[in-house]
Amino acid sequence: MDRIRIRGGRPLEGTIPISGAKNATLPLMAAALLSDGPLVLRNAPDLADIATMGSLLEQHGLAVEHDRVARSLTLSGNATNLEAPYDLVRKMRASVLVLGPLVARHGRARVSLPGGCAIGTRPVDIHLKGLEQMGAEITLDAGYIEAAAPRGLKGARILFPQVSVGATENLLMAACLAEGETQLINAAREPEIEDLARCLIAMGAQIEGVGTDRLVVEGVGSLGAATHGIVPDRIEAGTYACAAAITGGSVLLQGARAEHLGAVARTLREAGVEVEAVGEDLRITRRDGLQGVDVMTEPFPGFATDMQAQFMALMAVAEGAAMVTETIFENRFMHVPELNRMGARINVHGASAIVRGVPRLSGAPVMATDLRASVSLILAGLAAEGETIVNRVYHLDRGYERVEAKLAAVGADIERLPA
Ligand code: UD1
């Protein structure tokens, strides 16, 4: 398996282009199941998770064409196979997003349960309860979700007991083809959901309340073709903002949108990092020392759980202490022992981690068990003295496009070591 070697200590200077958002692209691809298409997605990132979703849709019977030069994905056709098999779903939880569209359009689906994953148990009960409220019959059989709505889905008033990005997306897509009005209350408001809603509207859906926590959908008989530009990846932007900050550099994040960073931009400023919108881009600069700041992860516009590990790496070299509290996932501190091996002083107490800043980290061989944890180790490596080797790079390839090339282009001493 490939590894990444970093020799730390160089301030980053230059421009980093921000790719299309992975977490927007995955539901947008699933939305292709709602019509014969073609659905053309522009600014598509080239990532392992996108390829996995492509394979899943292909086995359902869609034609998926990824033009890596034009950075576009074209999806067309109608599903002929309504089963999402375990082998693909277990690779990526977001596979469960095919459930709503398949049941809405075809009246039934059989989707493997995603099961647990490294960062927690992550059930799909909210997705299933919502579909039941829309009239689907759900049974669990041999590790599979069987959903049936032979006479189609019906609009319903769905009040989410907890904010869920995936459940909001699944039910929003399903509601587009349901009969009558669906209300999604306490819906997630992540920019990726707004992006999905805009694409669905371009396909002919009737959705109100876009960008709010109350989405109202009037079902239509069918959806058609559309071309949609994918929103820039706010987590990739936030990650490179931390890279600039941890190295004491200054980078221009091309295409990054300040309003999508939510509390991350505010927290970076509190820590002493300059975050400045420059036209369509964002400039991140750190001139002076970093200050410890407490953060708590929350649904958007709160501090994103997908930025927690990266921010913790930054706090590891800040002055003073920082308390990092994770409220979304119960087991998302796997980066802590690895950061500590690099000289960080972090103690975990339940859902909180106390980070006591140290003047300098030292390079070490490290590995991580999830995507954001892996990239936090890259950030630590950029600031550390000496050499860091990050193992298990496949996690990074799921969510960061050419991470080593983008960082090397702004002056990092980083390279991929092929297996
Ligand atoms: C999405 C993102 C992921 C991000 C997360 C939270 C994608 C592809 N993934 O994941 O990167 O970390 O949002 O911002 O967009 N829950 C339930 N029952 C359910 C559904 C969720 O209990 O049916 C719980 C989860 O276990 C978790 C919380 O709700 O504790 C939020 O999860 P959710 O927002 O659904 O995350 P995902 O959509 O899986």
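1. Basis of the model. This is a predicted model, in which local features need pLDDT of at least 70 and side-chain atom pairs count only at pLDDT 80 or more, whereas totals for chains, interfaces and linings use all residues. Residues are numbered from 1 along each chain as its sequence is written, and side-chain values use heavy atoms, with hydrogens and water left out.

2. The shell around the ligand. There are 19 residues around the ligand, and those that come nearest are Asp-125, Ile-126, Ser-164, Asp-306 and Ile-328; a residue is near a molecule if one of its heavy atoms lies within 4 Å of it. By class, the shell holds eight nonpolar, six polar and five charged residues, where Ala, Val, Leu, Ile, Met, Phe, Trp, Tyr, Cys and Pro count as nonpolar, Asp, Glu, Lys and Arg as charged, and the others, Gly among them, as polar.

3. Polar contacts and cover. A polar contact is a pair of N or O atoms within 3.5 Å; within protein, one must be able to donate a hydrogen and the other to accept it, and residues adjacent in sequence count only if both atoms are side-chain atoms. An N or O atom in the side chain of Asp-306 is 2.6 Å from an oxygen atom of the ligand, and for the side chain of Gln-162 the corresponding distance from a ligand oxygen atom is 2.9 Å. Pro-123 takes part through its backbone, with an N or O atom 3.3 Å from an oxygen atom of the ligand. Of the 740 Å² of accessible area that the ligand has on its own, the protein covers 86%, as computed by the Shrake-Rupley method with a 1.4 Å probe; for residues, only the protein chains shown count as cover.

4. Elements at the ligand. Helix H5 (125–133) and helix H6 (165–176) are the elements that give two or more residues to the shell, and H5 supplies the largest share, three residues. Helices (H or I, at least four residues) and strands (E, at least two) are DSSP runs, numbered from the N terminus.

5. Cis peptide bonds. Most residues other than glycine have a negative phi, and most peptide bonds are trans. A cis bond joins Gly-37 and Pro-38, with omega about 0°, and Pro-38 is found in the loop between helix H1 (22–31) and strand S3 (39–42). Another cis bond joins Phe-300 and Pro-301, with omega about 5°; Pro-301 belongs to the loop between strand S18 (295–296) and helix H11 (308–315).

6. Positive phi outside glycine. Ala-142 has a positive phi of about 50° although it is not a glycine, and it is found in the loop between strand S8 (137–141) and strand S9 (144–148). Ala-142 is exposed, with a relative accessible area of 67%, whereas Arg-402, at 49%, counts as partly exposed; buried means under 20% relative accessible area, exposed over 50%, and partly exposed in between (1.4 Å probe, protein chains only). Arg-402 likewise is not a glycine and has a positive phi of about 45°, and it lies in the loop between helix H14 (394–399) and helix H15 (403–408).

7. The open sheet. Four strands form an open sheet of mixed pairing in the order S4-S5-S3-S14, where two strands pair if DSSP finds at least two bridges between them. Strand S4 (63–67) and strand S14 (226–229) are the edge strands, each pairing on one side only. S3 and S14 run parallel and are joined by four bridges, with Leu-41 opposite His-228 in S14.

8. Strands around S17. Strand S17 (residues 281–285) is mostly covered, with four of its five residues buried. Strand S15 (residues 250–254) pairs with S17 in the antiparallel sense over four bridges, and here Ser-250 stands opposite Thr-285. Strand S16 (residues 274–278) is also antiparallel to S17, over five bridges, and the two form a hairpin with two residues between them, in which Gly-279 in the turn has a positive phi of about 60°.

9. Strands around S21. Strand S19 (residues 321–325) runs antiparallel to strand S21 (residues 352–356), with five bridges joining them, and Met-323 stands opposite Ile-354. Strand S20 (residues 345–349) pairs with S21 in the antiparallel sense over five bridges, and Asn-347 stands opposite Ile-354.
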